[in-house]
Amino acid sequence: MTTARRGVEIAARTAYGRLLAYLVSRSRDVMAAEDALGDAFVAALRTWPEQGMPPNPEAWLLLAARRKLIDAARRAKTRDKVVHWLETDDCTTASAAPEELTFPDERLKLLFVCAHPAIDASVHTPLMLQTILGLNAHQIGSAFLVSPTTMGQRLVRAKAKIRDAGIAFEIPEAAELPARLQAVLEAIYAVYTLGWDAVAGGDARHRGFTAEALWLARLCVDLMPEEPEAKGLLALMLFCEARAEARRTTAGAYVPLSEQDTELWSQGMVHEAEQYLRQAAAAQHIGRFQLEAAIQSAHMQRSRGQAPDWEAIVLLYEGLLQVAPTLGARVSQAAAIAAAQGFAASLQALETIPPDAVKNYQPYWALKAHLLHSLNQGTAAKTAYQRAIGLSEDAAVREFLLGRSRQLP
Amino acid sequence: MQYAILIYETEQAFGNRTDAAQAEPYWGAYQAYAGALKQAGLDTSGGILQPGHTGTTVRLKQGQRQVQDGPYADTKEQLGGFILIDVPDLDAALDWAARCPAASYGAVEVRPVLPAPAMA
């Protein structure tokens, strides 16, 4: 690979989101900005190998993209205002020498545009992935398990809505902020979960998602240091990430949390997570992500040679269920009840969940099988294991459950 | 809507069906998968195919039968089975395809079934 080509790749990797967010903040047209930026990258690939890397690659790309955008808007002849705006923009006037050019980071605003309530919630996360990380519809589609065509259509529809509905390019007012910040943070967490699930076997491309999610969360914390939930989310993901090495054996077999070798947990990340969680707690405004991070923190007790305080974990889940009553939290709480109050109490908690909701929910069946197994209800356990195995997507988890199921008489 | 879940497996996976050590996890995973489909209340049918080398391919060229040993396409992954599944949309079909054991080690194709046009 030539230096110039690598230069373009690095610029694409590090600057795509920054450049796109800036261009969209001026043009209000995500699709047009993407096209213009794509053209600018192509032009860079063509000219940098011949003329050498410019002193400020980002500035070079921004100016090139801005020109393309102006050309396109002129051709369309319907967006005079945009042309005027682009041409007179302070940051990109011709008088500024390209190597000195700096421009404000508009990524956070773009995240909030993507999380606008007028845009279908199912597209919030994909839209952020595409605009901030530059992933294409094909990659996103495979992550969300929808066909690339479907994902492409949804993304195009959302971008057209941003343009045609005139969605404001700004961080919302205080009154609107909580709802939209929540959507932004949830989207980031969804990205993390995709990478987390893909840790073994799965699609190698998804593994990079964990790093991207951490990066987005750090961006939120940097840009909104006052928001405790942003810190809570970052803490939560750092706790999970700290255990990444311990989740599989070297042979790739699944290791449940209770059996993980705590020596393999990254103490550096745990420490950083604890700090963010403490800072978040100081704001005295508890939320979903802080509660989830606190639960993780309680589990981390094991690395200090102490048993986790299971009663406290059950209570934290109780709090979590108040603010975010998800199926995952209910099943996890039941799992914590097993450790705190015994298998029978856990099974009882599990059985309060409506059967329809868990018909195809793998973790429910995996926990139920484990509980029935522990309560010596062999036949029922076998059936539950079968359900859990049949609903597994992860080959290592499937193997693990098959192994457990085989231990039954 | 009806979809065909086409299961492509490698030679090794076909071998696992009869291998003393591998047969149990292999069939165990498929049995559990079939069970999960059934428990979800889905209208499914399907079939498991013998390995590709047991296939015979027939084509007529200028009225002459040309019979060839083996499957139609010689690829690393061979069609090993199929499931017809009736679900509301492609996303639901893809969810089930991802749970198919072969998705972890082979490939699973999801194709909508075209309703036969009404003939006069």
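How far apart should the ends of the 13 residues of helix α6 of chain A be, at 1.5 Å a residue? The helix, residues 121–133, should span 18 Å, and its end C-alpha atoms are 19 Å apart, which agrees. The expected span here is 1.5 Å times one less than the number of residues. This is a predicted model, where local features need pLDDT of at least 70 and side-chain atom pairs count only at pLDDT 80 or more, while totals for chains, interfaces and linings use all residues. Residues are numbered from 1 along each chain as its sequence is written, chains are lettered from A and ligands numbered from 1 in the order in which they are written, and side-chain values use heavy atoms, with hydrogens and water left out.

Helices (H or I, at least four residues) and strands (E, at least two) are DSSP runs, numbered from the N terminus. Taken along the principal axes, the C-alpha atoms of chain A fill a box of roughly 75 × 45 × 40 Å. Of its 409 residues, 50% count as buried. Buried means under 20% relative accessible area, exposed over 50%, and partly exposed in between, with a 1.4 Å probe and protein chains only.

Back to α6(A): eleven of its 13 residues are buried, so the rest of the structure largely encloses this helix. Among the buried ones are Val123(A), His124(A), Pro126(A), Met128(A) and Gln130(A). After the helix comes Gly134(A), with a positive phi near 70°. Another buried spot is Ala329(A), at 5% relative accessibility; this residue sits in helix α15 (residues 327–341) of chain A. Ala329(A) is 37 residues from Glu292(A) in sequence, and the two are 9.2 Å apart in space, C-alpha to C-alpha.

Salt bridges come next. Over all chains the structure holds 18 of them, each being a side-chain nitrogen of Lys or Arg within 4 Å of a carboxyl oxygen of Asp or Glu. One joins the side chains of Arg18(A) and Asp105(A), at 4.0 Å from N to O. Arg18(A) lies in helix α1 (residues 3–27) and Asp105(A) in the loop between α4 (80–88) and α5 (107–114) of chain A, so this pair ties together parts 87 residues apart in sequence. Asp105(A) is partly exposed, with a relative accessible area of 27%.

Lys159(A) pairs with Glu34(A), and their closest N and O atoms are 2.8 Å apart. This pair links distant parts of the chain, 125 residues apart: Lys159(A) is in helix α8 (residues 148–164) and Glu34(A) in helix α2 (residues 30–51). Both partners are tucked away: Lys159(A) is buried at 4% relative accessibility, and Glu34(A) is buried at 15%.

The side chains of Glu351(A) and Lys368(A) also meet in a salt bridge, at 3.6 Å from N to O. Glu351(A) is in the loop between α16 (343–350) and α17 (355–358) and Lys368(A) in helix α18 (residues 362–374), so parts 17 residues apart in sequence are tied together. Here Glu351(A) is partly exposed at 48%, whereas Lys368(A) is buried at 14%. Elsewhere, salt bridges that share partners join Arg18(A), Glu58(A), Asp105(A) and Arg107(A) into one network.
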